[in-house]
Amino acid sequence: HTAARLEPVEGKMQDSNGAEELKYLTGFGGEFASEALKDALPKNMNNPKKCPYGLYAEQLSGTSFTTPRVHNQRTWFYRIMPSCKHGKYKKIEKKYIIADFSKQVATPERFRWNPFPMPKEEEKIDFIDGMRTVGGAGSAETKTGFAVHVYAANTSMANKAFVNSDGDLLIVPQHGDMLITTECGLLAVKPGEIAVIQRGHKFKVDFPEKGSRRGYICEVFDGHFVLPDLGPIGANGLANPRDFLHPTARFEDKEGKHTLLQKFLGGVFEAELERSPFDVVAWHGNYVPYKYDMGNFVAVNSVTVDHMDPSIFTVLTCQTTNPGVAAVDFVIFPPRMAVQKKTFRPPYYHRNCMSEFMGNIKGQYDAKPEGFQPGGGSLHSIMAGHGPDAGTFDKCSEEKGDPPVQMPPNALAFMFESTYFMRVTEWALKEAPLEQDYNKCWAGLKSKFDPKWRKESDAAGKQ
């Protein structure tokens, strides 16, 4: 575990109160502490008879009490009102959000979606209203599996708050920035960055400027995201701990009607609050939301031959109980140099024991530069053959020489990769912008088999 740096770093975000300097704590997996009022954190204990400023002490547990200390996660809040004070829950209709995939569609078919639609200008759709489940595996009830959602929204949540009982949310904005208010403070997140909001943390999403937003969400039911082990890479590289940013304490002492939305086994329940739930004056612990700028990723790659496995681009992983086997890996394909000799540099043809859902944040993806559009997605299920389209193979396999190539600096794609079989929702198949002829991208592949091939003649032809 990495200790937090005590000196906050700063960022700026426009919110409803105007320009505001946001301060962050840096690190990953360490113990953090923050207070919005001096001496609001109790000294040398967690729950005194009387907390400073008349606050209530409340613990949020992200793991069981007896989880080994190296994996144990919890945070202590010192807040104006404890979370238990709210009205009775009422279930509300959110038919597009799914958390049990036993009745969803199972198929080995390959899928690709055109950019997921934005809300119409006259619609008022907030972050939760705009969530749609594409697919997933397992069930939140057994705390095993994952879900892939997309969101499209144009309205701030204002006096609503959301809390997820089912799992952790990894949010990947594709179009438009957002201001995420959490119980620990504020996170300003824009395309090219991600945010992780763990199970149980209340949050809301507001938009600092008018316009529609769109992005992707990966929800894990199993556990929590961690940094992947580096093995022989060494002590540094990939996503470095110092580049993860955590909020600093900020509270609202605001009475009046607020609404709490709680996702529980895929259902969404509503309860009334008498005041803002973002009333935490101070906190300490290691169970804290965070954000990460993918532009800081330190990519590694082959400097001799061969296209490396995409696992070298893993930012975060949520492991199953089987070491090295992920409930979800979050993998990115960032700008980087390609210098391999005598190598077909785009991704190789592949059949995988993992499910692969991909999204495109910006630019062209090198394996399919024409059809895989920003804001869209694709799914290659377990053991479904996939790889470059015919045009890409013909072009890159016939290229002369091996000059170093800068992968386009304006391109960024990602993958949610899981050991679980991903079932697909009815919405993804019938209402989302599903391409009907995705298989045609491989239709142009032709046999190049030459039974008379000789090593000498091939070498001469490549000169």
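**Close-up views of the predicted model**

View 1. In helix α1 (residues 390–397), Ala390, Thr392 and Cys396 are buried, where buried means under 20% relative accessible area with a 1.4 Å probe and protein chains only; helices (H or I, at least four residues) and strands (E, at least two) are DSSP runs numbered from the N terminus. Seen down the axis of α1, these buried residues fall within an arc of 165°, taken from the directions from the axis to the C-beta atoms, and so they line one face of the helix. The model is predicted, so local features need pLDDT of at least 70 and side-chain atom pairs count only at pLDDT 80 or more, whereas totals for chains, interfaces and linings use all residues. Residues are numbered from 1 along each chain as its sequence is written, and side-chain values use heavy atoms, with hydrogens and water left out. The second largest pocket has a volume of about 950 Å³, being an open set of points on a 1 Å grid over the protein atoms alone, with protein on both sides within 12 Å along at least five of seven lines, and lining residues having an atom within 4 Å of a point; the volume is the space filled by probe spheres set on the points, which are joined across faces, edges and corners. Among the 36 residues that line this pocket, Thr343, Arg345, Pro346, Cys396 and Glu399 are the closest to its centre. Two or more lining residues come from each of α1, β27 (405–406) and β28 (412–418), and α1 gives the most, with 4 residues.

**View 2. Strand β5 and its two partners.** Strand β5 (residues 74–79) is mostly covered, with 5 of its 6 residues buried. Strand β4 (residues 56–61) runs antiparallel to β5 and is joined to β5 by 6 bridges, two strands being paired if DSSP finds at least two bridges between them. Within this pairing, Glu58 stands opposite Phe77 in β5. Strand β20 (residues 280–285) is also antiparallel to β5, to which it is joined by 5 bridges, and here Arg79 stands opposite Val280 in β20.

View 3. Tyr24 lies in strand β2 (residues 18–26) and counts as buried, at 2% relative accessibility. The C-alpha atoms of Tyr24 and Leu187 are separated by 8.4 Å, although the two residues are 163 residues apart along the chain. The side chain of Tyr24 reaches the backbone nitrogen of Ala188 at 3.0 Å, a polar contact in the sense of N or O atoms within 3.5 Å, one able to donate a hydrogen and the other to accept it, with residues adjacent in sequence counted only if both atoms are side-chain atoms.

**View 4. The surroundings of His246.** His246 lies in strand β17 (residues 244–247) and counts as buried, at 3% relative accessibility. A polar atom of the His246 side chain lies 2.9 Å from the backbone oxygen of Gly27, and the side chain of His246 also reaches the backbone oxygen of Pro289, at 3.3 Å.

View 5. The structure holds 0 disulfides, a disulfide being a pair of cysteine sulfur atoms within 2.5 Å. The sulfur of Cys51 is 14 Å from the closest cysteine sulfur, that of Cys84, which is too far for a bond, and Cys51 is buried, with a relative accessible area of 10%. For Cys218, the closest cysteine sulfur is that of Cys318, at 8.6 Å, again too far for a bond, and Cys218 is buried, with a relative accessible area of 0%.

Definitions and conventions:
Buried < 20%, exposed > 50% of the residue type's maximum accessible area, 1.4 Å probe, protein only. 1 Å grid on protein atoms, 1.4 Å probe; cavity = no way out; pocket = protein on both sides within 12 Å on 5 of 7 lines; lining within 4 Å.
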